[in-house]
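User: I'd like to learn how to read a few features of this model with you. Could we take them one at a time?

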Number of protein chains: 2
Amino acid sequence: MELKRTADGETGFEKVFAFLRERLLAGSLKPGDRLISERELATLLGVSRPIVREALRALTVLGIVEIRDRIGTVVTRPDVSVLNDFFTFALAQQADMLDDVMQARVAIECQAIRLACERANIADFERLQRALAKIGETIDEADAGGMADFEFHRAIVVASHSETLTVLHGSLAGLLTHSHRSRRKLVQAFPSMKTYLIDDHRRIFDAVIARDPERADATLRKHFAIGDEYRRRAIVGDIDRTIASG
Amino acid sequence: MELKRTADGETGFEKVFAFLRERLLAGSLKPGDRLISERELATLLGVSRPIVREALRALTVLGIVEIRDRIGTVVTRPDVSVLNDFFTFALAQQADMLDDVMQARVAIECQAIRLACERANIADFERLQRALAKIGETIDEADAGGMADFEFHRAIVVASHSETLTVLHGSLAGLLTHSHRSRRKLVQAFPSMKTYLIDDHRRIFDAVIARDPERADATLRKHFAIGDEYRRRAIVGDIDRTIASG
DNA sequence: GTTAGCATACTGGTCTGACCAAGATCAGAC
DNA sequence: GTCTGATCTTGGTCAGACCAGTATGCTAAC
């Protein structure tokens, strides 16, 4: 029987995790590859199968690997959806984190729109145009409107043709989805929101079409700033109503 | 003996995970709380202890929970740093992604420097100043120089006082460490690099001190662009040498 | 030669019961 | 009242077993 921990105080789980991490980072394990079976892995590393399963499960929730029942464990192309899990938990206990995440989203989008100005192709333009049209069509609808808004911003990031930015934006936007919901109240509370939403997105679209990175960045940044202002005023409004009803 | 899967085809792990997820999202399990022991959890949910451990391990890698050896499992305050694992894996699998990652780094830093202009305090300024001084001192050293460079940029992000940006930057920068190495060649190949490195960082520092977001952003962006240009020319030089020696 | 069919090895999913080491607790000694 | 040590509890781990499908290959039929 071996010791419970290796010389460096490494736990069995860490051993297996580190082993797999190494291969994954080095590239000897690529997406699509099938890992050796849990049993083989266990004997190979001198640990028991439950420990191996802990490590595999850990990689699963990280979206690095997929355990297929009775098939095997395969390396997957990292999927952003796992971050949703994390953010869901995080936000459940820490609402003040939203503003922080929003800053990161602004960062990603502003960089993305600069790249989009350089790299966007016809298909990207068309996607943007469709999203823009949809924003106008759904301006009075809550859910559909929020969706259209999201798709427009998404289209910008996609047009950057940067995988990294797209992935990051996806994970950040995912946890901000609930803010799309709050859009309904905003539109109802401020009729001026309608022209803001339509005209602002139109200006952003124009800047991308003109392939003017500076103008696109500035316009997008201003767009976010105005949105913040609306949200701020909505909060003040809530406070007013709270006081009035109290 | 019960069935391996519940009626809805739910796996044992999912059962435990869902159980804990529910309590965590509902708030009946708050940060600092200690979970019941693995054994109790196992009997409570009618599964075996290894399965419970899988679920706990999953929550651990998500940063929701911390398993303390011989103490118990406690709910932790969600920390964005767990994303580090994910991004490390996710971004490591595409080697050609480096340029892409760099774009994301630029995005994060340019947003961070804007926030830094608003939020930086004396301590942040001092940290920046120290980093700036170090860049000058280590201008002829390869490793130390790269380190000083990194620390300066890191100081900018820290000064943004945004945890999300800080973590994202940390993850991205980790993948770009090798580019610090290549800095050595660049400085050797282009003596003008020295003044570029020193003066550019100085200008960035000044803009933050002046609390001028626009200027800071623009200066930083230009700094990255020039760095790209140096790298581009270095590649061309390599090609020239390759041709000459061929 | 080709193909349909079936036995078998293999895979993940899970359970049971056990042992270890060390923190936590409390009774009993001083 | 304090200190000490036995005991309980906790996580960390292992070994071996069973189930239910998948994959594969081999055999037999065409």
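User: Leaving aside its neighbours within four places in sequence, which residues is His169(B) in contact with?

Analyst: Happy to start there! This is a predicted model, where local features need pLDDT of at least 70, side-chain atom pairs count only at pLDDT 80 or more, and totals for chains, interfaces and linings use all residues. Residues are numbered from 1 along each chain as its sequence is written, chains are lettered from A and ligands numbered from 1 in the order in which they are written, and side-chain values use heavy atoms, with hydrogens and water left out. Contact means heavy atoms within 4.5 Å. Beyond those sequence neighbours, His169(B) touches Arg105(B), Ile108(B), Glu109(B), His153(B), Arg154(B) and Val157(B).

User: Is His169(B) buried or exposed?

Analyst: Buried means under 20% relative accessible area, exposed over 50%, and partly exposed in between (1.4 Å probe, protein chains only). His169(B) counts as buried because its relative accessibility is 0%. Its place is in helix 8 of chain B; helices (H or I, at least four residues) and strands (E, at least two) are DSSP runs, numbered from the N terminus.

User: How is the size of an interface given?

Analyst: Often as the accessible area lost when the parts come together. Here that buried area (1.4 Å probe, summed over both parts) is about 4,900 Å² between chain B and chain A, with carbon and sulfur atoms giving 62%. Phe86(B), Phe89(B) and Gln93(B) supply 16% of the area that chain B buries against chain A, more than any other three residues.

User: How many salt bridges are there between chain B and chain A?

Analyst: A salt bridge is a side-chain nitrogen of Lys or Arg within 4 Å of a carboxyl oxygen of Asp or Glu. The count between the two chains is six. One salt bridge joins Arg221(B) to Asp217(A), with the closest N and O atoms 3.6 Å apart.

User: Which residue of chain A has a positive phi although it is not a glycine?

Analyst: As background, most residues other than glycine have a negative phi. Arg70(A) has a positive phi of about 65 degrees, and lies in the loop between strand 1 (65–68) and strand 2 (72–75) of chain A. Arg70(A) counts as exposed because its relative accessibility is 72%. In chain B, Arg211(B) has a positive phi of about 55 degrees. Arg211(B) lies in the loop between helix 10 (192–209) and helix 11 of chain B, and is partly exposed at 38% relative accessible area.

Key
Buried area is the accessible area (1.4 Å probe) that two parts lose on being put together, summed over both.
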